[in-house]
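Subject: Structure for your review

Dear colleague,

Please find the structure below, together with its sequence. My notes on it follow, and I would be grateful if you read them alongside the coordinates.

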Amino acid sequence: QVQLVESGGGLVQAGGSLRLSCAASGRTLSSYAMAWFRQAPGEERNFVAADTWSGGRTGYGDSMKDRFTVSRDNAKNTLYLQMNSLKPEDTAVYYCAAVYGRGTYYYSRSVADYDYWGQGTQVTVSS
């Protein structure tokens, strides 16, 4: 089992930046594909970004690639999401997710493919 705890959310003005963190315990993250998802009120949980366990490949959701950067520090057992040029439509609860093993360059954009989830952190972007 792995436990995930997100932090770093908050209120920011449009154009600002935030860095989210996802701290893991119970297992080392080095063997897990990791991802960020977000969910706005009344909407489905959507893919934001992902990082393979090997660190050799990353993926981003639409409109995020040029503004968001996913990274991990395996020594700290932590996944990060740097978010720049934030927009009001980025307002959502952001969730960290993990799945063990799979391929060297594996990640998924599907909620159903991840086994472990954090409790989420709220990001609010004001106009």
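Val5 stands opposite Ala23 in strand S3. S3 covers residues 18–25 and pairs with S1 in the antiparallel sense over five bridges; two strands count as paired if DSSP finds at least two bridges between them.

This is a predicted model, in which local features need pLDDT of at least 70 and side-chain atom pairs count only at pLDDT 80 or more, whereas totals for chains, interfaces and linings use all residues. Residues are numbered from 1 along each chain as its sequence is written, and side-chain values use heavy atoms, with hydrogens and water left out.

The pair belongs to an open sheet of four strands, ordered S1-S3-S8-S7 with antiparallel pairing. Strand S1 (3–7) and strand S7 (68–73) stand at the edges with a single partner strand each, so one side of each has no neighbour in the sheet.

As for the chain overall, its secondary structure comes to eleven strands and zero helices (DSSP runs, numbered from the N terminus: E of at least two residues for strands, H or I of at least four for helices). The C-alpha trace spans about 40 × 30 × 25 Å along its principal axes. Buried residues (under 20% relative accessible area, 1.4 Å probe, protein chains only) make up 46% of the 127 residues. Among contacts (heavy atoms within 4.5 Å) between residues at least 6 apart in sequence, 61% join residues at least 24 apart.

Yours sincerely

Methods
Buried < 20%, exposed > 50% of the residue type's maximum accessible area, 1.4 Å probe, protein only.
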